[in-house]
Amino acid sequence: MKRREFSAALLAAGSLAVPGLVSAQQQPREGVDYRRLSRRAPTQAASGQIEVVEFFWYSCRHCNAFEPQLEAWSKTLPADVVLRRVPVAFRPDFVPQQRLFYTLQALNKVDELHAKVFHAIHMERQPTNRPDGILEWAEKQGLDKARFAEVFNSDAVGAKVQDAMLLQDAYGVEGVPALGIGGRFYTDGSMAGSLPRSLMLADYLIAEARKARG
């Protein structure tokens, strides 16, 4: 979903596909299917590794649809590629869900509960866009409510949120789900034309980043 759609009073529900896109069999085109960053974005990858960043928003229905595809794709990644998830904030009211993700990360609960957040929002229609709703959801998952609230409101999680916003800006994220590759390249569902093709482009851009690394 494109950034401009988030500024509307109601979220648009249109397709990610746009006319005139090249087929998956054609050579990816810079400036059309992906964008090369004019300035490298920071990464957390170890030396010799290529970082793929998934930018997402829990309440985005496209991100919800993308999650199982991304999870399956991540299991096929070579040893020199690492996946990092980064929640975006196109508006201030996105921040509680950023804090939710980084709280789960701090509690080592992302693997267990990340997909369950999507399920709670998109299947169970549970309100998780405000701190009180998030705390209620966390308690239902068997997490200690007081401990969760402490981490949720901590400066450490606040710093993670700020870092996420800086990385979002560094990649020039225009919509979600989006992918940043190696601090060098950016693509998203609208540029790729479909969510599966964005993963094909990611494979291509990983190879390009590997070449650039030498």
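A residue counts as buried when its relative accessible area is under 20% and as exposed when that area is over 50%, with partly exposed in between. The exercises below concern a predicted model.

**Exercise 1.** Decide whether Arg85 is buried or exposed, and find out which side chains make polar contacts with the side chain of Arg85.

*Solution.* Begin with the location: Arg85 lies in strand 3, which covers residues 81-87. The relative accessibility of Arg85 is 15%, and because buried means under 20%, Arg85 counts as buried. Turning to its partners, the side chain of Arg85 makes a polar contact of 3.1 Å with the side chain of Glu71, and another polar contact, of 3.3 Å, links the side chain of Arg85 to that of His114. When neighbours within four places in sequence are left aside, the residues in contact with Arg85 include Glu54, Phe56, Glu67, Leu70, Phe101 and Tyr102.

**Exercise 2.** Work out how helix 3 and helix 6 are oriented to each other, and which residues meet where they pack.

*Solution.* Take the geometry as the opening step: helix 3 (residues 95-106) and helix 6 (residues 145-152) pack with their axes 9 Å apart, at an angle of about 115°. Since angles of 65 to 115 degrees count as roughly perpendicular, helix 3 and helix 6 are roughly perpendicular to each other, and their crossing is right-handed. Next come the residues: from helix 3, Pro96, Arg99, Leu100, Thr103, Leu104 and Ala106 meet Phe148, Val151 and Phe152 of helix 6.

Conventions. Residues numbered from 1 in each chain as written. Predicted model: local features only at pLDDT ≥ 70, side-chain atom pairs only at ≥ 80, totals over all residues. Heavy atoms only, no water. Helix = DSSP H or I, 4+ residues; strand = E, 2+ residues; numbered from the N terminus. Buried < 20%, exposed > 50% of the residue type's maximum accessible area, 1.4 Å probe, protein only. Polar contact = N/O pair within 3.5 Å; in protein donor to acceptor, adjacent residues only side chain to side chain. Contact = heavy atoms within 4.5 Å. Axes fitted to C-alpha atoms, helices over the stretch in contact; angles between N-to-C directions. Parallel < 35°, antiparallel > 145°, perpendicular 65-115°, else oblique. Left-handed = near helix turned anticlockwise from the far one by under 90°.
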